[in-house]
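User: I would like a close look at a single part of the structure below, with the cut-offs spelled out.

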Amino acid sequence: LTAMGDSSMDPTISAADSTAQQDSLFSMMDVFLISLITGLFTYWFFFRKKKEEVPDLPKMQSVVAPVRDSSFIEKMKKTGRNIVVFYGSQTGTAEEFANRLSKDAHRYGLRGMAADPEEYDLSDLSRLSEIDKSLAVFCMATYGEGDPTDNAQDFYDWLQEADADLSGLRFAVFGLGNKTYEHFNAMGKYVDKRLEELGAQRIFELGLGDDDGNLEEDFITWREQFWPAVCEHFGVEATGEESSIRQYELVVHTDVNMNKVYTGEMGRLKSYENQKPPFDAKNPFLAQVTENRKLNEGGERHLMHLELDISNSKIRYESGDHVAVYPANDSSLVNQIGEILGTDLDTVMSLNNLDEESNKKHPFPCPTSYRTALTYYLDITNPPRTNVLYELAQYATDSGEQERLRKMASSAAEGKALYLSWVVEARRNILAILQDMPSLRPPIDHLCELLPRLQARYYSIASSSKVHPNSIHICAVTVEYETKTGRLNKGVATNWLKNKVPEQNGSSSLVPMYVRKSQFRLPFKPSTPVIMIGPGTGIAPFIGFIQERAWLKQQGKEVGETVLYYGCRREHEDYLYREELARFQKEGVLTQLNVAFSRDQAEKVYVQHLLKKNKENVWKLVNEGMAHIYVCGDARNMARDVQNTFYEIVSEFGNMSQPQAVDYVKKLMTKGRYSLDVWS
């Protein structure tokens, strides 16, 4: 309208001409204006009426867009549940425990549901008291250095910020952790403490499961005391013996469009054929293997360096991040299971949840074949948990074998001891159990329902994105060992990766992967000194760190001292990245290279011994140079020994008592100057 108004003004007409025209045309203009005003008013009047009348009908017919139901309270009310079991799970174990607890509830006349906190609004916990005999249970795993699992991050953030009144909430917590880590069960302890601070009522003590010991036994021991406490609190009794209740029903597809069948995808159907970013746990990227070389010169083990091409994936990573890889089970194990159970593994089927209200419609992507499920979706190599043995017992036709299975699944001391020796310590997987119990021949669909999901494996990235923006490097050692029964067990992921050769005869090796961000980071200032301690494959992130420091130096940045403590068995056997490290040292990027060869002499020499040997220099770097310390590798022995060595160095040169030295190192951790990337 502004443009139209501007164009109606004619700047060529003078003021005198305008006055003359006004006098001669006054009467005509008067009539014209009256007519125009009348016309405009009439038009406006009718147009206005229409504008007011038209919206009436649509307003009456308007439909509100459906909102995603994020209220677990409404869902519980709708489905008659009174117990909700939330799980914070990174590898699937906490989710498995949550499912077991929710299934237990029916034995006490209660109804439970397992729930992923990522899918619901946890502020609704304050409303749980609206449901009779309600209870919230939390199975919380701790990831990394005391961190929440990915799916529990939002819940953790909410707990930290919340000032909610949870006085009507009844709860219990079971934590899943590993005592070899500094922050044992930090997440379980925090949730238990924080819920109480917000006014919630704990109805049973915090359970602390230790994966370095026997996590399954810890869970069973807690669970067998937890349910009596629930019964006492609510005044209910067990309705009978534990019974086998199928959660899924089998549907066999005899005439199915194969384009609708999953062939190993983690989320979206055909996602491996039609790749779309962003890539994550539910949508991994298929990276091509461009290099796979053996790193060690001798010895029984196979240590390897792989390079994954991430060009055109839009995947970004930083030095210190982890790459997650989805492996596949050994086809010979899959075939043997099929043969023992007399099954056509190429049968296409679906396992559909009998609970139609459940968010989890299938235990794994369906429809699919048994072969695909056993290859890509199910864990067939780890010893099965006791609940699996209990459910399978009904299919053993030999009474002795059935009794043995039930005993191992019981909470009796004798049963626990038998499970520990016969299953856990003997490392019997499901195939070994089927082989050693000839009368046990369960339906394959029930077996597939019971087995846990095959999980992604995490590796510290052995490259810098500054130097290799389109490539992610992995350093790994193949796992292979003989069990007490004489069987040869192989690590799923490392043996699968070992066989991933770069492109041959036009066919490429692909690895489903995604990147998981880490807190293991180089100092913000390149001039800050770094002390890196990483024996064996623990050297992986430090190859990335050194690459990055070399790149920064090339950019003209001032780079501080870069010190590496590395260890291996023998100098001429498994000295990883020997040439690369020598080159970095020659270029002046790697200012100190200290290598411990543990088996090249009569007495074992490890990285902590070299730290003690150079203790004065180490203290100077830490105390005066404000160096950052990084430890990567084995958590059970190495990381602990290295930490104890730092306590000794700090105590000696800082003139501190042992408790003061421990406190000093703990403060370094809090400030981000002592970082760990360890595994057990």
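In which helix does E548 lie?

Analyst: E548 lies in helix α18, which covers residues 540-554. Residues are numbered from 1 along each chain as its sequence is written. The model is predicted, so local features need pLDDT of at least 70 and side-chain atom pairs count only at pLDDT 80 or more, while totals for chains, interfaces and linings use all residues; side-chain values use heavy atoms, without hydrogens and water.

Helices here are DSSP runs of H or I with at least four residues, strands are runs of E with at least two, and both are numbered from the N terminus. By that count the protein has 23 helices and 23 strands.

E548 has a relative accessibility of 10% and therefore counts as buried (buried is under 20% relative accessible area, exposed over 50%, partly exposed in between, with a 1.4 Å probe and protein chains only). Across the protein, 49% of the 680 residues count as buried.

Leaving out residues up to four places away in sequence, E548 touches S319, S464, K466 and L522, where contact means heavy atoms within 4.5 Å. With S464 there is also a polar contact, side chain to side chain, at 2.8 Å. Such a contact is a pair of N or O atoms within 3.5 Å; within protein, one must be able to donate a hydrogen and the other to accept it, and residues adjacent in sequence count only if both atoms are side-chain atoms.

For the protein as a whole, 76% of the contacts with a separation of 6 or more are between residues 24 or more positions apart.
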